[in-house]
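This report describes the fold of a single protein chain for a reader who has its sequence and structure at hand. Please keep both in view while reading.

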Amino acid sequence: MSQQCLQILGLCFAVTVAWCCPYGWIKHGPACYHLGPEEESWFDGMKMCQIHGSVLASVENQEEHNFIVSLMRNTHKSIVWLGGSDWNVEGSFVWEPYGDQITYTNFSPGEPNDYKNSEDCLLIDGSSHKNSTFTWDDRNCQDSHFYVCKQMDDITGNLIG
Ligand SMILES: [Ca+2]
Ligand SMILES: [Ca+2]
């Protein structure tokens with residue numbers, strides 16, 4: 001199925017069943033993704049995503065994980081925040097802000113470990129510290145890292161020209 005789209009005068013016109021992502025965002029499956037250009041705390045990363053009509057990314061399966069890792073590699077970002085947190089109930093990670101259950105995980109061995117009882121936010125770590133494995137870790141939400149926003153096709157998908 002073709003996934004081309006036309007952008008004319010700022011309006012999107014879908015060709016076949018596709019839609020347009022905002023400029024600077026990358027379409028993959030039923031969502032658009034954007035890597036934040038600056039390092040932020042998990043909270044500020046979530047806020048920045050929300051300003052742009054999205055949330056910190058959830059990861060539903062291995063294929064989506066691999067896609068986000070490819071974004072990280074292409075932009076030379078070794079660590080990015082995801083939308084997962086166990087801030088609400090320690091040890092029970094959900095996808096914020098909706099509280100969706102996490103069904104797929106890709107944690108590093110020994111993670112999540114809630115180190116010093118202070119780690120409540122999820123990230124993908126592809127740094128040499130984790131042997132460039134691009135696996136998940138819980139970290140202190142106040143730490144500053146790049147982050148990945150995800151915008152679902154809730155509204156734009158219906159704007160067929
Ligand atoms: Ca925790
Ligand atoms: Ca940890």
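Helices (H or I, at least four residues) and strands (E, at least two) are DSSP runs, numbered from the N terminus. Under this scheme, proline 112 lies in the loop between β8 and β9. The structure is a predicted model, in which local features need pLDDT of at least 70, side-chain atom pairs count only at pLDDT 80 or more, and totals for chains, interfaces and linings use all residues. Residues are numbered from 1 along each chain as its sequence is written, while chains are lettered from A and ligands numbered from 1 in the order in which they are written.

**Overall architecture**

The chain contains 2 helices and 11 strands, which follow one another in the pattern β-β-β-β-α-β-α-β-β-β-β-β-β. A residue counts as buried if 20 or more other C-beta atoms lie within 10 Å of its own, as exposed if 12 or fewer do, and as partly exposed in between, with C-beta atoms placed from the backbone. Of the 161 residues, 31% are buried. Two residues are in contact if their C-beta atoms, placed from the backbone, lie within 7 Å. Among contacts between residues at least 6 apart in sequence, 62% join residues at least 24 apart.

Two strands pair if DSSP finds at least two bridges between them. Which strands are joined to β9 by bridges? Strand β6 (residues 79-85) runs antiparallel to β9 and is joined to it by 4 bridges; here isoleucine 79 has aspartate 125 as its bridge partner. Strand β10 (residues 135-139) is also antiparallel to β9, with 5 bridges between them, and in this case aspartate 125 is partnered by threonine 135.

Strand β9 itself (residues 121-125) is mostly covered, as 5 of its 5 residues are buried. Cys121, Leu123 and Asp125 point one way from the strand, Leu122 and Ile124 point the other way, and all are buried.

Strand β11 is mostly covered too, with 6 of its 7 residues buried. Its pairings are listed below.

| Partner of β11 | Sense | Bridges | Residues opposite each other |
|---|---|---|---|
| β4 (residues 31-35) | antiparallel | 5 | tyrosine 33 and lysine 150 |
| β5 | antiparallel | 2 | leucine 56 and cysteine 149 |

**Helix α1 and its surroundings**

Which residues of helix α1 (residues 42-51) are buried? They are Trp42, Gly45, Met46 and Cys49. Seen down the axis of α1, these buried residues fall within an arc of 100° (the arc of the directions from the helix axis to the C-beta atoms), so they line one face of the helix. An α-helix has 3.6 residues a turn, so residues three or four places apart point the same way.

The buried residues of α1 pack against β5 (55-56), β6, β9 and β11 (146-152). The face turned away from this buried side carries the exposed residues Lys47 and Ile51. Just after α1, glycine 53 takes a positive phi of about 70°.

**Methionine 72 in helix α2**

Methionine 72 belongs to helix α2 (residues 62-74). This residue is partly exposed because 19 other C-beta atoms lie within 10 Å. Leaving aside neighbours within four places in sequence, methionine 72 is in contact with Lys77, Ser78, Val80, Ile124, Gly126 and Phe134. Methionine 72 and aspartate 125 are 53 residues apart in sequence, and their C-alpha atoms are 10.0 Å apart in space.

**Backbone features in the loops**

Most residues other than glycine have a negative phi, and most peptide bonds are trans. Where do cis peptide bonds occur in this chain? One joins glutamate 96 and proline 97, with omega about 0°, and proline 97 lies in the loop between β7 (94-95) and β8 (100-101). Another runs from glutamate 111 to proline 112, with omega near -5°.

Two asparagines have a positive phi. Asparagine 117, in the loop between β8 and β9, has a phi near 50°, and it counts as exposed because it has 7 C-beta neighbours inside 10 Å. Asparagine 131, in the loop between β9 and β10, has a phi of about 60°; with 11 C-beta neighbours inside 10 Å, asparagine 131 also counts as exposed.
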